[in-house]
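Good morning, and thank you for joining this group meeting. I would ask you to look at the structure first, and I shall then take you through selected features.

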Amino acid sequence: MTSTQQSPSSPPHPPHVQGGGGHGHSHSHGPAAPVSKHLRKVIAAVLIPFSVAVVVGLVVLWPGGAPSHARTGVGFDRQTQQGTVTQVDKVDCRSVNASGDTPTGDTSTAEGRSAEQQAKGTCEKATVRVDGGKDTGHTFTEIVQPDSPRQLHENQKVIVAYAPDAPKELQYSVTDVNRRLPMTLLAGIFALAVVVVGRLRGVMALVALAVSFMVLTFFILPAILQGSNPLVVAVVGASAIMLIALYMCHGPTARTSVAVLGTLVSLLLIGLLGSLFIGWAALTGNTDDNTGLIHGLYPSIDMSGLLLAGVIIGSLGVLDDVTVTQTSAVWELHQADPTMGRRGLYRAGIRIGRDHIASVVNTLVLAYAGAALPLLLLFSIAQSSVGTVANSELVAEEIVRTLVGSIGLVASVPVTTALAALVVSADRPGSPSAAAAGPARGGRGRRRKR
């Protein structure tokens, strides 16, 4: 009977230290043990000024919306409407192409084969209805070549581009497929999985994710477009996301505060290294059509600063994971053995961190490599040397982004582990604050040990 009563709140072998052991085991399956009042004051003395500075930065840099500009009609910068493919007919390509002459060029090349298919093949003539805007119900035709990567079919939802300056018959064209339904369904499955597995913590994680997107959409992006320094905007925005996400997901505890401090130190290191090596490697941040369009529309934007801002924001998500995990590991080690000193806690925590470093760095490198896979394939096709590939600005950007972020991740492990070991080892389980919290959470197991 006695052992049955002990099992919910205490292990089979009771601890040999009455005060410290009782406090530690009373929290083994619940929230983190409270730290002393003095340590809470020290943490607050650091985090409160930092939080105030972030709020001031948000107020000062708040853009009030993205600046307007005349539409260029290029890429994403064009007017679009929803549309539906109402009919698809098979037609002879020679009857719909500008030139029906049989090509006489080399058909062994991709261009030659494409020209031959357009002259001799069967094309599709799609009738598309506009479902929004002032021309709702208007129909137009879209010719789909046989070698086109995107084929249309009846009742398919599409995105229609509108060019008001073009001739009437050429104002509308199909620019993409409408993927709203599958994307919404996938997001719903993701949210359901997070809530089912994470329960209340999962709900808070989704709320924090929504807040992060709001900060990105309503502050970071418009502020950069307004001409504010991208690095300053990224630091303020990333700090706001970090504070909101960590405290919302993990609660306003000393454990969370240590993770915030570790993340902040690592972000500062990433910002310094990124600024140094982006400037040293002469990376402009203007390497593709999208960045070229941004620079053309807003010449005042510092594109290299925008690249650095992307490095900082991109590293934040993985940093949160590392710092929270390391802090939790040190806290659990302390609860398992309250007699362990700061050196012992640090050594044990850093052993856990080494495994974390190996997996996270590999994940980060593979994530960037996967995103740049088409580019890497082009270099492989061209049979370029590794040195040539790495020296090109497109690849050099990804290398700097990956290595700077990885250095920050590696540094976050010893920094956060050391901070957590200092804080938790300086706590005194017999302090008035801890003793006051003990009976409320200890339950029957604590009363039995007395």
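N155 is placed in the loop between β3 (139-144) and β4 (157-162); strands here are DSSP runs of E with at least two residues, helices are runs of H or I with at least four residues, and both are numbered from the N terminus. Although N155 is not a glycine, its phi is positive, at about 70°. N155 is also exposed, with a relative accessible area of 61%; exposed means over 50%, buried means under 20%, and partly exposed lies in between, with a 1.4 Å probe and protein chains only.

A word on the source: this is a predicted model, in which local features need pLDDT of at least 70 and side-chain atom pairs count only at pLDDT 80 or more, while totals for chains, interfaces and linings use all residues. Residues are numbered from 1 along each chain as its sequence is written, and side-chain values use heavy atoms, with hydrogens and water left out.

R199 has a positive phi as well, near 55°, and is a residue other than glycine. R199 belongs to helix α6 (residues 180-225) and counts as exposed at 64% relative accessibility.

I turn now to the cysteines. How many disulfides does the rule give? The count comes to 1 disulfide, where a disulfide is a pair of cysteine sulfur atoms within 2.5 Å. The partners are C93 and C123, with their sulfur atoms 1.9 Å apart. The link of C93 and C123 is right-handed, with 110° about the S-S bond. C93 lies in helix α4 (residues 93-96) and C123 in strand β2 (residues 122-130), so the pair ties together parts that are 30 residues apart in sequence. Are these two cysteines, C93 and C123, buried or exposed? Both C93 and C123 are buried. C249 likewise counts as buried, at 14% relative accessibility.

Finally, the surface patches. I48, V52, V56 and V60 form a nonpolar patch with about 370 Å² of accessible area together. Such areas come from the Shrake-Rupley method with a 1.4 Å probe, and for residues only the protein chains shown count as cover. Patches consist of residues with over 30% relative accessible area and no salt bridge, with nonpolar side chains (Val, Leu, Ile, Met, Phe, Trp, Tyr) joined within 5 Å and like charges within 9 Å. A salt bridge is a side-chain nitrogen of Lys or Arg within 4 Å of a carboxyl oxygen of Asp or Glu. V60 sits in helix α3 (residues 37-61) and is exposed, with a relative accessible area of 63%.
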